[in-house]
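Subject: Structure handover

Hello,

Here is the structure for you to look at. My notes on what was found follow below it.

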Number of protein chains: 2
Amino acid sequence: MLIKNCRYLLTQNKNRDVLENVDILIMDNLIARIAENIHEKENNDKVIIFAENKIVMPGLINTHTHLGMHSLKGICDDKELHEWLDKVTTEEKKLTKEQVLQNTENGIKEAVRFGTTTIYDSYKYALERAELFQRLGVRACISETVHSLQNIPKAEQFVEMLLQDKKHLVTPIIAAHAIFSTNEDVLKAIIDLSEKYNVIRRLHLGETRRERFEVQQKTGKLPVEYLHSLGFLNERALLVHCIWLTKGEIKLLAKTQTKVSHNPISNMKLASGGIMPLIEIMEEGVVIGLGTDSVVSNNNLDLFEELKITPLLHKQYRWDPKVITPQEALDFATIDGAKVLMLDKEIGSIEVGKKADIITIDIAQHMIPLNNVLSNIVYCANGNDVCDVVIDGKIIVKDKQF
Amino acid sequence: MLIKNCRYLLTQNKNRDVLENVDILIMDNLIARIAENIHEKENNDKVIIFAENKIVMPGLINTHTHLGMHSLKGICDDKELHEWLDKVTTEEKKLTKEQVLQNTENGIKEAVRFGTTTIYDSYKYALERAELFQRLGVRACISETVHSLQNIPKAEQFVEMLLQDKKHLVTPIIAAHAIFSTNEDVLKAIIDLSEKYNVIRRLHLGETRRERFEVQQKTGKLPVEYLHSLGFLNERALLVHCIWLTKGEIKLLAKTQTKVSHNPISNMKLASGGIMPLIEIMEEGVVIGLGTDSVVSNNNLDLFEELKITPLLHKQYRWDPKVITPQEALDFATIDGAKVLMLDKEIGSIEVGKKADIITIDIAQHMIPLNNVLSNIVYCANGNDVCDVVIDGKIIVKDKQF
């Protein structure tokens, strides 16, 4: 495949180069060459995307969602998290396997059409969902939340199966829900599994203040300290939300190279209280990705909204418009998101040798004027502006159609 | 014109009725009838919009922007307001009259294509801009900021001219910039003009904390108290931003029936500090509209973004997901916005006798599932989802094309 005459190419490489009027040659599923005037005879499969009027950039990476809940969009707005959990959990129990898979398919289509090329999706029926992503040609990380020790063998089997198939688009993850909803034995079993297979272990953490009180009361430790005492924290640990953290806990995350997923819209909508101490987390060098969370608390799967709201929220919170730049926000959704999912050797930037996960944005429609490409991508663009989506070297969305 | 088989009609009438499968008959520029199965022979001009798969709702009302700055989008991100004003003002001085009018036209097209049908636009060259809105068929309120007493005759002439033409789509407004940038004589002259012609007088207020200190130091009064002492506040007064207010000042706004324009994205992006005390302002019964502000501090003209961010911001700020509902947010952008601009007898809801300012949203694209129409409009939709825009009974945008 050839992406011809990219008007602007946001590479997201180490120097964050923005190239103009270059071509991208894709061979099989890899980016083979980036240069001016690549000859069409080099393009084996003759597939061409014309990008004279397009911004070309890495596909976005969603580090936290639950697509299986897609049919529940809008059923439970304006509720506090624990009340929300009660209602939504009741509705979730009514979903059949077929509905969950249909929801996942609908969610994939919405997310991908809006420019997301890698989705970390956590829900029931992991194996069937993994096959669905593979069939639709969409890159994913998949987990099925482990609620008790009895689920461990099934989780292990899932990880083994996926790791055997090196060409599979899906990477397995081991997940538990949260400290308050998971017992210590399960957390320890998850650590063991994650270490044994070198896969990520994920936990919701610090989404409400109530969790802090409960964990402190029960364990005498702050939540992150408690996880550290179990051996949970290292470069394979991914903590989602992380609103309620002390500076000491942030230092512990940095020291252990734990990763973090920031879900600003979900947190604001559920009024989780406080605001994630993003700036302190950045200053300590913790790697951060963005997530939409599910459509029940967002209610979109459009990461361009997170791209805009993240800087808005933290500028406002800190009374300082300089605390976060458009470049840093875009990094969260691309190269840093890839690091969060331990996929940065493969994706997150447009560089020779990386897998071809690439999206294009039409300049003529909603990007006028284009004084600053990066500013327009972060502060103006939304998912509807995405024209083409290439995942693993294949065109998945063409002219806005999945 | 007939809008046929509206799948959902958000009337925004007094009862906030959501009707299903009704037709809307438009005669000249007015809504003539809303009923099931209106016969096509009643439709004089034969123009039909088919709305089987559409949500039909009042056009959105933008109570604060400066379209003349459209070409400056993205030139000054990540700056504090007073620093931002210095840089942006320098760039604005370079704009020729032709550029301002071209910018205004580009801004109108962006805003209207994204579902805004009435724009309060404040900038230079008021008369020429008014003619431009009229030519493009877009409803507006227009002002040219009065900086000195010498500008008063020109402002008066503008108001007189527009008020003479009862069919003109543009309503005149008298505007000054802010207390800190306007002397007292000018403020008094503006009050007189506004009272004489029964038109709105507008002022930016409480956008920064610095303004409070300066006004207090100079006058010994809080800014709203100071305005009250001048006689500025009554139902013709419109104050924009209103971030930095005490509860006493809010009560004064309520008592005097002063109107307020809330611009959450601009305020967050400029990190104006604090957050508009929206909930207190609502509780006192002050009428509130939404505004995008200019593209230099937003950077879009998409009021659907304000529709989503307004509840997100205030839920988050108050740690309470119940403080503002999707219905209240939609009211700000429609019927309350009309009240802010003193146009609520004419627009803001879809009711017989009102002017036909109506937009449609495609259900099939991005509104799936549609468990809750109002929730989807506020939390999911964006300007790109708008299909058709009718202003004053004429189709201005058809199938997303201006």
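The C-alpha centres of domain 1 and domain 2 of chain A lie 28 Å apart. Domain 1 of chain A covers 2-58 + 350-397, and domain 2 covers 60-340. These bounds come from an automatic or database domain assignment.

Please note that this is a predicted model: local features need pLDDT of at least 70, side-chain atom pairs count only at pLDDT 80 or more, and totals for chains, interfaces and linings use all residues. Residues are numbered from 1 along each chain as its sequence is written, while chains are lettered from A and ligands numbered from 1 in the order in which they are written.

**Between the domains**

In chain A, 20 residues of domain 1 are in contact with 22 residues of domain 2. Contact means that the C-beta atoms of two residues, placed from the backbone, lie within 7 Å. On the domain 1 side, helix H15 (373-379), strand S16 (386-391) and strand S17 (394-397) of chain A each supply at least two residues. H15(A) gives the most, with five residues. Helices (H or I, at least four residues) and strands (E, at least two) are DSSP runs, numbered from the N terminus. This side of domain 1 of chain A divides into twelve nonpolar, four polar and four charged residues. Here Ala, Val, Leu, Ile, Met, Phe, Trp, Tyr, Cys and Pro count as nonpolar, Asp, Glu, Lys and Arg as charged, and the others, Gly among them, as polar.

**Between the chains**

The contact takes 38 residues from chain A and 39 residues from chain B. Helix H9 (264-269), helix H11 (303-318) and H15 of chain A each supply at least two residues of the chain A side. The largest share, four residues, comes from H11(A). The chain A side divides into 14 nonpolar, 14 polar and ten charged residues.

**Strand S8 of chain A**

Why is strand S8 (residues 139-143) of chain A largely enclosed by the rest of the structure? Five of its five residues are buried. Buried means 20 or more other C-beta atoms within 10 Å of the residue's own; exposed means 12 or fewer, and partly exposed is in between, with C-beta atoms placed from the backbone. A:Arg139, A:Cys141 and A:Ser143 point one way from S8(A), and A:Ala140 and A:Ile142 the other way.

Strand S7 (residues 116-122) of chain A pairs with S8(A) in the parallel sense over five bridges. Pairing needs at least two DSSP bridges between two strands. The chain crosses from S7(A) through helix H3 (residues 126-136) of chain A to S8(A), and this β-α-β crossover is right-handed. That is, with the strands pointing away from the viewer, the path from the first strand over the helix to the second runs clockwise. S8(A) also pairs with strand S9 (residues 170-172) of chain A, in the parallel sense over three bridges. A:Cys141 stands opposite A:Thr171 in S9(A).

Best wishes
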